[in-house]
Amino acid sequence: MNIAKIKILRLEFPLEDHQTYNDDGYVDSVILHTAQLRLKYGIPVEKIEIPSHWDFSDPLGRYYMHGDDHHIFYLRSSLWMNIFNRAHEETHALQCLGKLDLLEDKLRDEQRRNLDLWGLRNDEVRAYMGSIYALRMRGIPLWVSRINIDFNYNNRDFQEAKDIYKKSKIK
Ligand SMILES: [Zn+2]
């Protein structure tokens, strides 16, 4: 039996026989690693498209699924940003593996937060909730996210996740 080890969120659960969960680790380029995975899965190189919103800069991390194979990978950054990015991609994977309830349980039991992750506006808000949890479980305050000003100011989904997290405290 395969076990999915979700490292930053500190979750483990059994996978179905046909599923795999692959934490590919730190990569030099998220775009390049995506292209390599597509080649590995037999997608012809001329069909490899780079999403236009990626522009010419590398995203910080990615969740990638091919059939039952789930991958996450990410760029290396500062310590707290590594935690933040990795937990974000892990949460995307958790969602696609149908295990968001495990994260809800941890938020309730460890952080005293009552959150309906499926009820959030989109996948990105959900994924940032994983990032926030990963920081808080390590005792890292949320204001550290201000260090990365570009990220903070341009990202509505993250702001929304932060606001919802703050209001979710169980009284
Ligand atoms: Zn995302």
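**Ground rules.** I number residues from 1 along each chain as its sequence is written. The model is predicted, so I take local features only at pLDDT of at least 70 and side-chain atom pairs only at pLDDT 80 or more, while totals for chains, interfaces and linings use all residues. Helices (H or I, at least four residues) and strands (E, at least two) are DSSP runs, numbered from the N terminus.

**Sheet.** I looked up the strand order: an open sheet of three strands runs β3-β5-β4, with mixed pairing. Strands pair if DSSP finds at least two bridges between them. The edge strands are β3 (20-26) and β4 (61-66). β3 and β5 (residues 69-74) pair in the parallel sense over six bridges. I found His71 of β5 as the bridge partner of Asn22.

**His88.** I placed His88 in helix α2 (residues 79-96). Is His88 buried or exposed? It is buried, with 27 other C-beta atoms within 10 Å. My cut-offs, with C-beta atoms placed from the backbone, are 20 or more others within 10 Å for buried, 12 or fewer for exposed, and partly exposed in between. His88 touches Gly61, Ala127, Tyr128, Gly130 and Ser131, leaving out residues up to four places away in sequence. Contact needs C-beta atoms, placed from the backbone, within 7 Å.

**Helix α6.** I noted Phe158, Ala161, Lys162 and Tyr165 as the buried residues of α6. They fall within an arc of 100 degrees seen down the axis, so they line one face. The arc is that of the directions from the helix axis to the C-beta atoms. These buried residues pack against α4 (123-137). On the other side, Arg156, Asp163 and Lys167 are exposed.

Notes
Contact = placed C-beta atoms within 7 Å.
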